[in-house]
Amino acid sequence: MALRELSSLEKYLGQKKANKYSTQGDKKVPVLQNNNGPPLVGLVTIACHLAKEAKRPELLGDTAESRAVVQQWLEYRVTKLDSCTKEDIKTVLKDLNLYLQDKVYLAGNQFTLADVFMYYGIHPVIVDLAIQDREQYVNVTRWFDHIQRYPGVRHHLPPVAVLRNRIYTSRHH
Amino acid sequence: MGFGDLKSASGLKVLNDFLSDRSYIEGYVPSQADVAVFEAISAPPPADLYHAVRWYNHIRSYQSEKSSLPGVKKPLGQYGPLGVADTTSGSAPTTAKDEDDDDIDLFGSDEEEDAEATRLKEERLAAYAAKKSKKPAVIAKSSILLDVKPWDDETDMAKLEECVRSIQMDGLVWGQSKLVPVGYGIKKLQINCVVEDDKVSGLLLFVDQVSVR
């Protein structure tokens, strides 16, 4: 799973040559075999390294504040999302919905790695989400649909239809 | 389309609803569509319309590059949800007029068109009358097939035919005839004649001439 994400990221960054990855441990933590340096361990670490190598530092945030926020969400992804149970999922979605109420992207006003990896992480959740729940977490649905249509992001994941269902009346009016 | 009056609360509410599942006015990247709507809003939307607030703040961050955003600026009435009445000044009359025109086309003609139609009609009438007077009138003719039935089979059909043919009238021309058997040895005389309608009335012929016999 993590390896596919990293190779999708490589495609998005436009890297011609795919790196060699391996996994470590029973949790399948990705390891990047670097030619001239020690191997890099960890999804977030590798992702940041790839972004910098591809000369796309803006993907990590353009201001100090947004950089911190990006790191926060990447950490959130690895710690909370990847190892969370069905009950926790609801809390996660609620938090995310509240957070995205006044934001288009997760960190600042532009697309960052935080959006990419939260998208990858939350995709299986959204796929299984019922229509009513998608209506309930309006902001998450909106953000999700926006990210999945961002050019170059959605590689290995099937698109999720998030059409607004007009049969059920929305609760926000 | 359109959002209604964006300077009023109802228009902003439409915008808010529209943006609840969209990040941008059109498509998935900021474009001139967003710039157009942004400039139509005089102040940040009230805090309870949080989707509008979110979008407003986000587009405001693009202020410096707004001229370089993709797309073409269209009048405000082109954006927004379908089904909302377009109240922007430029397009309101045209939409209203379109509906009126549709109704008129269905049920009758416009007042404007009446004058035009009358004129045309008169022109055509005049042309027709002129044409009629110039051309010699086509003579109207009728072809009548007469069945002459004898009382019994002893009537001499040939003589009968002679008698019929002897009926002469102006405009009457006798045509082909044949004997058609009707059973029991009786034959009826079927004779054709052509009459000019103006000069001979079919009925007249029947009543007058045949009664002579």
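**View 1. Where chain A meets chain B.** Contact here means heavy atoms within 4.5 Å. With that in hand, 16 residues from chain A and 16 residues from chain B take part in the contact. This is a predicted model, in which local features need pLDDT of at least 70 and side-chain atom pairs count only at pLDDT 80 or more, while totals for chains, interfaces and linings use all residues. Residues are numbered from 1 along each chain as its sequence is written, chains are lettered from A in the order in which they are written, and side-chain values use heavy atoms, with hydrogens and water left out.

**View 2. The area buried between chain A and chain B.** Buried area (the accessible area, 1.4 Å probe, that two parts lose on being put together, summed over both) is about 1600 Å² here, and carbon and sulfur atoms give 52% of that.

**View 3. Salt bridges across the interface.** How many salt bridges (a side-chain nitrogen of Lys or Arg within 4 Å of a carboxyl oxygen of Asp or Glu) does the rule find across the interface of chain A and chain B? The count is zero.

**View 4. Chain B by its elements.** Helices (DSSP H or I, at least four residues) and strands (E, at least two) number seven and three in chain B. Starting at the N terminus, their order is α-α-α-α-α-β-α-β-β-α.

View 5. Of the 213 residues in chain B, 29% are buried, that is, under 20% relative accessible area (1.4 Å probe, protein chains only). Among contacts in chain B with a separation of 6 or more, 64% join residues 24 or more positions apart.

Key
Buried means under 20% relative accessible area, exposed over 50%, partly exposed in between (1.4 Å probe, protein chains only).
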